[in-house]
Amino acid sequence: MISLLSPYQSHDLEALRALVQDPSMRAEFDILQGPQGVESWLADPYRDPALHAMAWKGDELVGFSSPFVLPGREGRFAMVRLGVRGPARRRGVGTMLLAHTLEALAEHHPDVDEVCLSAWLPSPEAEGFASRHRFERVRSFWQMERRGEAIQDPEWPAGIERVPHDGTESRYSDITEAWNDSFARHYHSIESTPEEVRALFTRPGFRTDGYLLAYRSGRCVGFCRCELHEGRGEIAVLGTVEAARGIGLGRALLRWGVRWLERQRAPRITLLVDGENEGALRLYRGEGFEVARTRASWARGR
């Protein structure tokens, strides 16, 4: 039986790290592996730390639920990351954690009108859990992995200036403007602020040298951010503003990111893409990326 459901506290860090490294949890929470994976995740500006619940069986942490509250353009929504250690599953722990999270969201974020869950497939447990709690499958995201011949060097379009991130306030504002323009038409697009972008750039383990900005006529028109995870490198974010599309900028940024990850000796190079983003899929397939696995997203209204 679960003896305690408590909020996350800083002294719980090692217990949380041990939980996500458990063999039954490791594959689902792969981005939390590595020296500062958990710390980086906890520092995400969209995660509400007050709503992070921990499920204990005596002194053993057996599960957690942590919602990220996101400012969607069509309304605020929550993405809930929930995990339960293998031996504690099918005992109502996940249901208890989800119920607690839904109640906390209703109390602290009454304007949230959609709650989402996600998991790597195949996962009959996750699919069954989502269905039992009236979540419907709404999206598929594909993790693509680059295979085959070495990538070509970037060919930068005329007039593009490549600029590293320097941590200045004006740079955060430029990135925010480009981010909001680049993803304005994407599924679940959010409206970021300079403060949130700054928080993303100052998380533990963040590599500023793995971030490149592209400027044209003094305006930031594109960006690529790379991250290193245990066992792989990732093109974590790649975007171009609408006015700079169709000139080869996205392809050049992608090649730059692959080259950067290769220099870091990443054993695999991956990225995650919305399965309905046909333009991005054409670009990635054209540069040697193939679908390696699928991440499902389920949603329900409040």
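**Figure 1. Secondary structure and overall dimensions of the predicted protein chain.** The model is predicted, and its protein chain contains eight helices and 12 strands. With a radius of gyration of 20 Å, against 19 Å from the globule rule for 302 residues, the chain is as compact as a globular protein of that length. The C-alpha trace extends over about 65 × 40 × 35 Å along its principal axes.

**Figure 2. Accessible surface and charges of the protein chain.** The accessible surface amounts to about 14200 Å², and carbon and sulfur atoms contribute 49% of this area. The protein chain carries 40 positive and 43 negative charges. The mean position of the positive charges lies 4 Å from that of the negative charges.

**Figure 3. Loop position and exposure of Arg134.** Arg134 belongs to the loop that links helix 4 (124-132) and strand 6 (136-146). Its relative accessible area is 58%, and because the cut-off for exposed residues is over 50%, Arg134 is classed as exposed.

**Figure 4. Contacts of Arg134 with Ala299 and Arg300.** When neighbours within four places in sequence are set aside, Arg134 is in contact with Ala299 and Arg300. Arg134 and Ala299 are 165 residues apart along the chain, yet a distance of 8.4 Å separates their C-alpha atoms.

Methods: Residues numbered from 1 in each chain as written. Predicted model: local features only at pLDDT ≥ 70, side-chain atom pairs only at ≥ 80, totals over all residues. Heavy atoms only, no water. Helix = DSSP H or I, 4+ residues; strand = E, 2+ residues; numbered from the N terminus. Buried < 20%, exposed > 50% of the residue type's maximum accessible area, 1.4 Å probe, protein only. Contact = heavy atoms within 4.5 Å. Rg over C-alpha atoms; globule rule 2.2 N^0.38 Å. Areas by Shrake-Rupley, 256 points an atom, 1.4 Å probe, with all protein chains shown as cover. Lys, Arg positive; Asp, Glu negative; His and termini not counted. Charge placed at Lys NZ, Arg CZ, Asp CG, Glu CD.
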